[in-house]
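Q: I would like a close look at one part of a structure, followed through to its surroundings. Please treat the matter in a single connected account.

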Amino acid sequence: MEGSDVVWSIVRSLHRSAQVQRRGAAASEIGPVALGLLNLAAQGGVRPSVAAEELDVPPQSVTRAVAELEVLGWVRRVGDASDGRSYVIEATAAGRRERQRFQDELIARFSRHLAGWKPEEIRRFAGQLDSLVTSLASDLPVHPKPERKPNAWRTR
């Protein structure tokens with residue numbers, strides 16, 4: 001393929017960007033899972049299973065993050081009307097403010113790196129990056145979930 005060195009450079013840059021993002025989230029006061037969960041909850045109620053899938057973490061990580069965020073007063077559990085066995089995680093007003101504070105801080109830090117760019121260059125790059133990420137996300141390999149075996153110790 002023509003330009004394969006350039007394509008490889010894009011792949012490497014995206015990888016480095018993901019590393020920087022992960023390190024930034026890990027350095028937050030609440031950690032990456034709780035931060036991701038707060039972001040999801042601030043966008044609207046989210047079920048724990050959906051949050052675990054979206055964040056690509058085990059369900060127990062979401063359970064721990066919910067407990068941590070509840071102690072801080074940033075989320076609450078609300079019974080799921082469609083499934084009485086589950087709940088929806090919603091951000092509280094304090095949680096939405098905290099998410100906004102984090103977002104504002106991140107935008108300010110990120111904007112410093114775009115200081116020499118023209119507004120049109122930033123808009124064009126944002127659109128191209130969004131298109132690329134959307135295309136990449138639609139092309140992810142699908143791995144079948146492992147078959148769950150019944151627990152031999154449980155009886156009906």
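Which residues does Glu-98 touch, not counting residues up to four places away in sequence?

A: The model is predicted, so local features need pLDDT of at least 70 and side-chain atom pairs count only at pLDDT 80 or more, whereas totals for chains, interfaces and linings use all residues. Residues are numbered from 1 along each chain as its sequence is written, and side-chain values use heavy atoms, with hydrogens and water left out.

Leaving aside residues up to four places away in sequence, Glu-98 touches Leu-38 and Trp-74, where contact means heavy atoms within 4.5 Å. Glu-98 belongs to helix H5, residues 93-113; helices (H or I, at least four residues) and strands (E, at least two) are DSSP runs, numbered from the N terminus. With a relative accessible area of 15%, Glu-98 is buried; the term means under 20%, with exposed over 50% and partly exposed in between (1.4 Å probe, protein chains only). Ile-107 also lies in helix H5, but at 45% relative accessibility Ile-107 is partly exposed.

Leu-38, one of the two residues touched by Glu-98, also takes part in the contact of H2 with H4. Helix H2 (residues 32-43) packs against helix H4 (residues 59-72) at an angle of about 75°, their axes lying 9 Å apart. Here axes are lines fitted to C-alpha atoms, for helices over the stretch in contact, and angles run from 0 to 180 degrees between N-to-C directions. H2 is therefore roughly perpendicular to H4, a class that covers 65 to 115 degrees. The contact is made by Val-33, Ala-34, Leu-37 and Leu-38 from H2, and by Ser-61, Val-62, Ala-65, Val-66, Glu-68 and Leu-69 from H4. These residues comprise 8 nonpolar, 1 polar and 1 charged; Ala, Val, Leu, Ile, Met, Phe, Trp, Tyr, Cys and Pro count as nonpolar, Asp, Glu, Lys and Arg as charged, and the others, Gly among them, as polar.

The largest nonpolar core has 22 residues, and Leu-37, Val-62, Leu-69 and Ile-89 have the most contacts inside it. Such a core is a set of buried Ala, Val, Leu, Ile, Met, Phe, Trp, Tyr and Cys residues joined through side-chain atoms within 4.5 Å. At least two residues of this core come from each of H2, helix H3 (48-55), H4 and strand E2 (87-91). H2 gives the largest share, 7 residues. Not counting residues up to four places away in sequence, Leu-37 touches Val-46, Ala-51, Leu-55, Val-62, Ala-65, Val-66, Leu-69 and Ile-89.

Definitions and conventions. Angles under 35 degrees count as roughly parallel, over 145 as roughly antiparallel, 65 to 115 as roughly perpendicular and the rest as oblique.
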